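User: I would like to learn how to read a structure feature by feature. Please give me the general idea, then the case at hand.

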Amino acid sequence: MTVVAVLAGILLTAAAVITSYRVLAGPSTLDRVVGIDSLMAIAACGLAVWAAYSDDTTVIPAIVALALVGFLGSAAVTRFRVRDDR
């Protein structure tokens, strides 16, 4: 289990670094929104890996909260965004 958790942590860290680059260098606001939403999903996955590794179920509400905030945030931004091509 330790090898799987370490491998998952390394892959999630690599995904977070690549996604952070997309958030910082994104040419449009939608690229940045998708990047931030992906970072929220990566953080929720990281918490889930930690919960599985440590057998600690107290982080499950935090995973649900991250998923909810990520979804509502991206839905609100796409609803009220202004076009970039002006």
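User: What should I know about the model and the numbering?

Analyst: This is a predicted model: local features need pLDDT of at least 70, side-chain atom pairs count only at pLDDT 80 or more, and totals for chains, interfaces and linings use all residues. Residues are numbered from 1 along each chain as its sequence is written, and side-chain values use heavy atoms, with hydrogens and water left out.

User: How many helices and strands are there in the protein?

Analyst: Begin with the definition. Helices are DSSP runs of H or I with at least four residues, strands are runs of E with at least two, and numbering starts from the N terminus. Here the protein has 3 helices and 0 strands. Along the sequence the pattern is α-α-α.

User: How does the radius of gyration of the protein sit against a compact globule?

Analyst: The radius is taken over C-alpha atoms, and the globule rule is 2.2 Å times the number of residues to the power 0.38. For 86 residues a compact globule would be near 12 Å, but the protein has 15 Å. The C-alpha trace spans about 50 × 25 × 10 Å along its principal axes.

User: What share of the residues counts as buried?

Analyst: Of the 86 residues, 16% count as buried.

User: How far apart are the mean positions of the positive and negative charges?

Analyst: Set the counting rule before the distance. Lys and Arg count as positive, Asp and Glu as negative; His and the chain ends are not counted. Each charge is placed at NZ of Lys, CZ of Arg, CG of Asp or CD of Glu. The protein has 6 positive and 6 negative charges, and their mean positions are 16 Å apart.

User: How is a pair of aromatic rings described?

Analyst: By the distance of the centres and the angle of the planes. Rings of Phe, Tyr and Trp (its six-membered ring) pair if their centres lie within 6.5 Å; planes under 30 degrees apart are stacked, over 60 edge-to-face, and the rest tilted. The count here is 1 aromatic pair. W50 and Y53 form that pair, which is tilted, with 6.0 Å centre to centre and 45° between the planes.

User: Where do W50 and Y53 lie along helix α2?

Analyst: Helix α2 covers residues 29-54, and W50 and Y53 are 3 residues apart in it, so about one helical turn separates them. W50 is partly exposed at 46% relative accessibility. Y53 is partly exposed too, at 39%.

User: What share of the contacts links residues 24 or more positions apart?

Analyst: Contact means heavy atoms within 4.5 Å. Among contacts with a separation of 6 or more, residues 24 or more positions apart account for 52%. Now take R81, in the segment after α3. Not counting residues up to four places away in sequence, R81 touches T29 and L30. The C-alpha atoms of R81 and T29 are separated by 8.3 Å, at 52 residues apart along the chain. R81 is partly exposed, with 32% relative accessible area.

User: Is F71 buried or exposed?

Analyst: F71 is exposed, at 54% relative accessible area. F71 lies in helix α3. Its C-alpha is 9.1 Å from that of M40, a residue 31 apart along the chain.

Terms used:
Buried means under 20% relative accessible area, exposed over 50%, partly exposed in between (1.4 Å probe, protein chains only).
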